Amino acid sequence: MTPPMQRGLSRRRVEDDRFLRGLGHFVEDIDVPGALHGVMLRSPHVHARILAIDTAAARAMPGAHAVLTAAELRAEGLHPLPCVAKVATLGPLIIPPRPALAEGLVRHVGDPVAFVVAETPAQARDAAEAIAVDYETLPAVTDGAAALRPDAPRIWDEAPGNLAFRFQKGDAAAVEAAFARAATIVALDLVNNRVTAAPIEPRAAVATWDAGTQSFLLEVTGQGVHGMRDQLATVFGIAPDRSRVVAPDVGGGFGAKNFIFPDYVLAMAAARRLGRPVRWVSERTEDFLSTVHGRDNRTHAALALDADGRFLALRAETVANMGAYLSGSGPGSSTNSPGTAMGGLYDIPAVFMDVRGAFTNTVPIDAYRGAGKPEANYIIERLVDLAARRTGIDAVELRRRNLIATFPHRTAMGMTIDCGAFRANLDRAAAAADIAGFAQRRAASRARGMLRGLGIACFLETSRGAPGEWAAVRFQADGRVALALGTQSNGQGHETSFPQVAADLLGLPIDAFRLVQADTREVARGHGHGGARSLHMGGEAMVRAIDAVLDKARALAAQLLQAPEAALSFADGRFSLRDDPAGRGVGLLDLAREAPGAIDAAVDSDLDLVTFPNGCQVAEVEIDPETGLVRLDRYTAVDDYGRLVNPMLTIGQVQGGLAQGIGQAMLEEIAYDPESGQLLTASLMDYCLPRAEDLPPLDVTCVEVPTASNRLGVKGSGQAGCIGAPQTVMHAVLDALAPLGIETLDMPVTPNKVWAAIHRRA
């Protein structure tokens with residue numbers, strides 16, 4: 001009997017069975033006999049010189065085994081944490097040294113100063129509190145634009161004026177010429193607010209040193225173990241194969257867990273020094289103080305239109321706050337990544353962007369869900385909405401008039417978009433959101449003393465992440481098939497979706513497969529997760545590995561059946577002789593048992609093509625003018641993620657991204673005190689994440705427009721919600737406030753901010 005096709009089937013996640021029964025295996029669940037516990041002492045100051053560190057009392061505390069400072073790390077011969085981003089900046093990309101422990105100066109609240117290792121977490125905390133550090137406080141700056149002013153405190157001698165880099169992309173001359181002949185020019189100053197990933201599982205690591213093999217084992221909450229291994233090898237000055245990096249179940253990452261951090265380096269150094277495993281587990285406030293933040297851009301942007309409302313040119317000038325150090329891929333989030341999506345879904349002949357990266361006394365910035373694509377889409381969509389108001393052209397019509405309509409289309413930023421149904425999706429979204437009935441809903445709100453607004457926005461994702469990927473298919477002695485992939489799940493459902501694809505291609509039941517991932521010993525190479533790349537890149541690699549398996553298996557089957565390969569057909573997991581009245585054949589699993597390892601295959605896929613997830617989304621909000629409270633009442637998305645492997649999982653990923661994008665628009669902001677530089681949002685009491693009651697039903701419709709860029713026809717879906725939601729919500733809020741003469745407002749639209757805007761107009 002032919003098994004049903006798995007691709008396109010909404011299957012419940014296989015992995016949820018163990019999660020719901022409390023059988024997940026996270027770093028904090030790892031029980032390593034004899035493990036010591038590490039605690040980091042962090043700077044309470046924004047910017048200060050370290051005059052002296054007295055660790056004597058800490059070393060004498062009960063249970064204390066080691067107190068590491070910068071002096072001890074110098075003796076270990078450790079190198080600074082690397083920034084691996086490759087950005088074509090106008091001048092040098094200035095990468096100051098980032099030691100695992102501060103040397104001489106601390107540059108943000110939470111900068112690591114010392115690492116204490118003790119028998120228990122409580123003893124380690126007590127010993128850390130016994131360390132006496134003498135600081136001389138220095139002037140500080142936390143705002144990126146302020147940091148570039150001539151009178152700003154200098155953070156690094158290597159970076160005069162606190163400028164980390166200058167980046168430009170596009171055709172400046174063509175943009176200026178288009179602006180000169182424009183009938184209408186709209187301009188905005190925009191803030192893309194600083195946020196944090198806040199995954200449900202904070203960062204954690206367990207480090208073990210094997211003196212016999214002179215090698216490390218690091219079990220860590222990570223999204224890309226091979227990249228982490230290679231960066232750690234740089235820090236320790238060892239060959240990559242002397243470290244095994246493993247990530248068990250990961251409770252969310254959203255980009256922040258792609259990188260190495262000082263905590264991991266210190267746990268490894270302490271394990272090597274003490275000859276015992278060392279465990280480090282972050283607390284929530286520590287995560288706010290030490291894990292990378294995202295976004296934090298200030299942009300002046302302008303859009304030029306002709307007399308018919310056609311877009312002529314886009315210009316964006318951005319100051320990107322990079323924090324105190326350049327994180328692993330930090331500069332890419334404000335340069336390379338937004339450069340691919342600048343201009344969104346619109347046919348804009350000329351585009352130019354100019355970005356200055358600024359050092360500040362804040363936590364470093366790096367990739368957060370979407371990493372640059374949300375910022376680029378926010379710029380163009382806010383400008384389009386303002387242009388609709390200024391020209392009097394309906395917001396839907398203005399978008400339809402300018403959306404890319406023919407494919408392939410090469411954008412002004414050099415991207416070739418192969419397919420899409422942009423105008424059709426715009427119309428579908430308008431119909432699904434019942435824009436025609438909005439006037440009646442607005443009147444009903446007005447009758448209750450409320451303000452109601454509707455916002456619409458489109459989005460373009462450029463999905464690829466790192467190019468190429470590795471995959472292997474291995475037939476095991478127990479009859480199961482291991483799918484080893486260089487990509488990695490941190491909650492997306494890979495243990496379900498990849499077997500769905502393999503089940504169809506190999507004709508085996510879905511429960512015959514198990515996923516092998518996130519282990520540098522079991523997986524030869526890989527780029528992990530990031531850039532919505534897993535199914536696009538990892539799926540292509542797996543398909544190629546399965547092709548190699550079937551080629552090997554066909555040759556072996558022909559040998560066993562004493563028939564030419566051309567005489568064999570393959571279906572339902574079995575090779576059969578065509579037109580053989582005896583029905584002779586041999587099953588794939590039988591071949592694997594007959595010749596163990598003979599049909600296993602591993603491949604390196606060289607795929608380097610970008611996919612273009614896209615869509616149109618509509619939001620409605622209701623605002624109480626007496627309190628400024630914004631309530632999101634309706635949300636509709638009509639999106640294209642190519643061919644769907646598991647529609648239920650896709651929609652779940654999109655809804656999760658929408659929640660984060662809505663959170664940024666309405667609630668979330670990492671805030672520093674402008675005078676003291678202290679972090680004001682260092683806990684979930686102060687940093688407001690959206691709860692279920694803050695969100696309406698998120699109505700997501702997926703329109704499948706398969707891409708030819710990969711064999712599965714898929715486009716990434718993991719980041720899309722974060723990319724589309726912020727501007728959609730902001731347009732709804734501004735539409736509600738438009739009758740009051742309020743034309744612009746920055747995220748997040750908290751009640752206090754909205755109330756103040758209303759009463760400034762009163």
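1. By contact I mean heavy atoms within 4.5 Å. On that basis, V654, G657, L658, Q660, G661, I662, Q664, A665 and M666 of α18 meet G721, C722, A725, P726, V729 and M730 of α19. Sorted by class, this contact has ten nonpolar residues, five polar and no charged. Here Ala, Val, Leu, Ile, Met, Phe, Trp, Tyr, Cys and Pro count as nonpolar, Asp, Glu, Lys and Arg as charged, and the others, Gly among them, as polar.

2. Some housekeeping. This is a predicted model, where local features need pLDDT of at least 70 and side-chain atom pairs count only at pLDDT 80 or more, while totals for chains, interfaces and linings use all residues. Numbering starts from 1 along each chain as its sequence is written, and side-chain values use heavy atoms, with hydrogens and water left out.

3. Back to that helix pair: α18 spans residues 647–666 and α19 spans 720–737, and they pack at about 40° with axes 7 Å apart. Helices (H or I, at least four residues) and strands (E, at least two) are DSSP runs numbered from the N terminus. Axes are lines fitted to C-alpha atoms, for helices over the stretch in contact, with angles from 0 to 180 degrees between N-to-C directions. The two helices are therefore oblique to each other; under 35 degrees is roughly parallel, over 145 roughly antiparallel, 65 to 115 roughly perpendicular, and the rest oblique.

4. Next, the second largest pocket, which holds about 500 Å³ of space. A pocket is an open set of points on a 1 Å grid over the protein atoms alone, where a 1.4 Å probe fits, with protein on both sides within 12 Å along at least five of seven lines; lining residues have an atom within 4 Å of a point. Its volume is the space filled by probe spheres set on the points, which are joined across faces, edges and corners.

5. Of the 19 residues lining this pocket, V39, M40, R125, E283 and E286 lie nearest its centre. β1 (36–42), α4 (121–129), β13 (278–281) and α9 (284–290) each give at least two lining residues, and β1 gives the most, with six. The lining has eight nonpolar, four polar and seven charged residues.

6. Some backbone spots to look at. F407 and P408 are joined by a cis peptide bond, omega about -5°, and P408 sits in the loop between α12 (395–402) and β18 (409–410). M747 and P748 are joined by a cis bond too, with omega about -10°; P748 is in the loop between α19 and α20 (751–761).
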